[in-house]
Amino acid sequence: MQNQKPVLHILVVGFHHKKGCQVEFSYPPLVDGTEGKSECPSGWKYLPTLALPDGSHNFSNDFVCFNLPSLTDPEQSVYGISCYRQIALEEVKIKTADLTRSTVQKSVCTLLSLPIYGYVEVKLSLIAQAFFEQGDFSSTDILVKAYEQLNACLTSLEPQEIASTRLHFVGVPLRSLLLKWRYKILILFKLLLLQKRVVCFGSPVHPTCALILGIASLHPELISKGFQQVACVKTSRPMSPMPTFSTPVEEQVSVENMSPLKSNPLPTMLTEQERDEQQEPIVTAREADELIDGDGRSIASAKEAHLDETASSSPSSASSMDARIAGTGNARPTAGPALLRETSVDTIASNFSSLYAIEPSEWGAPLRIFHEGQLCLPYISLPYMDLLTDPSVKGYMIGASNVLFQHKRQLADVMIDVEAAIIDVLDADTKREIQLSTEDLRFVDFVVRHVQTPKEDAEGSESWIRDQLYGYMVALLKTSLNTDGSKEIEHFNAHFMSAFKMTRCYGDWLERTGGGAVPAFEGLVGGHPFAGTLSVADMKLRIAQTMQNSESGRKLNQAVTSTSRAVGGALTTAKGAFSSWWTSFTAPPQGGHLTEATEQQPESSPTSENVVTDDYKNHPDHQDNIDQPARTNSNESMLPEATTPETKHVILTAELSSQPASNSVVEIGREAELLDRGTDVTVANADHTNIPRRLT
């Protein structure tokens, strides 16, 4: 595909209310000899479903990155970027008969021969905006001009400038991804090396595509030189979404012979593991700190013969590693974790400078992660689900927005909720393999702290982040050449290193480098750049990582949050009730001059208390039941019309009138005192009628 243009096609995909998603325009035509309308090659039959993603009707705009297999070369892929827009029907100036809904959904899409998604996305956004603003979708001249200008702009560049990583990294929000996912970025970075089945889901689609491409961009030269076969697979059965190519029998036999899974049989690996366990029966503090289960897995190398050739150099590497730790240990005070972390920055910087000073071509970059049935599809639609079950598909990292992918849990080893930033590991072995070691947590904490306070083209910038992961990758490959069970292997999690050595990409790297005989590695020291003694800061990192990553930790965090909210609400309610109760006691009395006048009434009627008490005991209501509600005939005596001269012997209650008057307001506390003394009180009602009340 080197002789092809950078931009292969530009097309418009629309949603028809009867036909669904369909290609409405393509230039050059997708099928030779046609007008470029409603025509797709059989190998790209479901291309419209990729350009208009599932659930797009819920959003006004979105960007989609997707990959397709080449129709002419079985070892090449085509890269697509789609700019989706949804506008109201009123904004369309020239309406056609097929526009029957209140909104119009269309995508302007380009198919590329280079994986420069972000670079084209910026320009395609302007092209799509101009195409929609003209209000006439039948006018496609602007798209033809855009196709010619994009190719002219890219072909005018030098070949080495087009192949440089600068164009491949445009539009990848690496800093925002790291700030959102934090230490989980390293989990996803190492998960990609294991070549597992990973499904990322989320809607809208653009954040999912950005996550997958962002993780891939952290691997040295993976996008620029390792994306040729991201969508290529030779299916074992005819499938309409994929083109069919003839496969020679000799090629299939050679692929089977290259499989590292057949180099070491399972009984031999178990025997080696049991021998290592007998030599090291004591559980170290590192294993207890990293919370790794003790059952373990196979730690035999995928290429044992090649590792035996380099085993003689491992003692010198181990001794030099100990010397490096001993040399830097004197400069690290052990009084507190903060001092330990700050004084080691110079040593860490020197370690990384020596690691990423090595050119990628010197150690065989990139690793062929997406090769021989390993797929990377930033977005796939529902018709491609059957492709994932084909025996030829060994692993993948895909993005999806259809909810059915979440329910098909048998299709994945790991499921990632992009919106909530949750990594759900469905396989127990994979969960142990991707667990971060203490050294890994130190490394991620170091990177995140610098990203939070970035400096332009320095610490915290996107190029600086890639340099740190580049150094991490070099150190990991150098350490993988050590013998199994060594201390340096444990720095990267022994379970991970064992699984990594059994992957196809690692076996291919060993074969291409002659068993890991890289001249640039001779002067390097094996082990993790952040290796060192444990500190209190390491314990804090471990606890924080466990609480955020494990299911029990997330449940505990939710319980603490809900409990804090409930307790806080209860305290606020109790505080309000206590304040109201205290105010009722401390409020100043109202109408005090009136209560003084009524206070003299008991002195002028010394015999009223006995009269009222005797008369109240003889009352008919009291003889029946004091607690029983008053009957209808008893209530009649309390109405204004039933007021008689006998009411002077009834205990009255004072009611505050709704209208302020000097003769109608009685303070509540003073009223209770008057009632205790048995004083008759008559209060003027709002209609100036004296209404007697009986205390029951």
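1. Buried means under 20% relative accessible area, exposed means over 50%, and partly exposed is in between, with a 1.4 Å probe and protein chains only. By this cut-off Q195 is buried, because its relative accessible area is 11%. This is a predicted model, in which local features need pLDDT of at least 70 and side-chain atom pairs count only at pLDDT 80 or more, while totals for chains, interfaces and linings use all residues. Residues are numbered from 1 along each chain as its sequence is written, and side-chain values use heavy atoms, with hydrogens and water left out.

2. Some backbone angles deserve a look. Most residues other than glycine have a negative phi, and most peptide bonds are trans. Q195, which is not a glycine, has a positive phi of about 55°. Q195 sits in the loop between α7 (184-193) and β6; helices (H or I, at least four residues) and strands (E, at least two) are DSSP runs, numbered from the N terminus. N493 also has a positive phi, near 80°, and is a residue other than glycine. The loop that holds N493 runs between α22 (487-490) and α23 (494-501). N493 counts as buried because its relative accessible area is 1%.

3. Where are the cis peptide bonds from Y27 to P28 and from S203 to P204? The bond from Y27 to P28 has omega near -15°, and P28 is in the loop between β2 (20-27) and α1 (47-51). The bond from S203 to P204 has omega near 5°, and P204 is in the loop between β6 (197-201) and α8 (206-218).

4. The sheet has five strands in the order β7-β8-β6-β9-β10; it is open and its pairing is mixed. Two strands pair if DSSP finds at least two bridges between them. At the edges are β7 (374-377) and β10 (422-425), each of which pairs on one side only. From one strand to the next, the twist averages 15°; axes are lines fitted to C-alpha atoms, for helices over the stretch in contact, and angles run from 0 to 180 degrees between N-to-C directions.

5. β6 runs parallel to β8, joined by five bridges, and F201 stands opposite A400 in β8. β6 also pairs in the parallel sense with β9 (residues 414-417), over four bridges. Here V199 stands opposite M415 in β9.

6. β9 and β10 run antiparallel, with four bridges between them. V414 stands opposite V425 in β10. The two strands β9 and β10 form a hairpin with four residues between them, and A421 in the turn has a positive phi of about 55°.

7. How many disulfides are there? The count is zero, where a disulfide is a pair of cysteine sulfur atoms within 2.5 Å. C200 is in no disulfide, and the nearest cysteine sulfur, that of C376, is 9.3 Å away. C200 is buried, with a relative accessible area of 1%, whereas C40 is partly exposed at 24%.

8. V403 is in the loop between β8 (395-400) and α18 (404-407). Is V403 buried or partly exposed? V403 counts as partly exposed because its relative accessibility is 45%.
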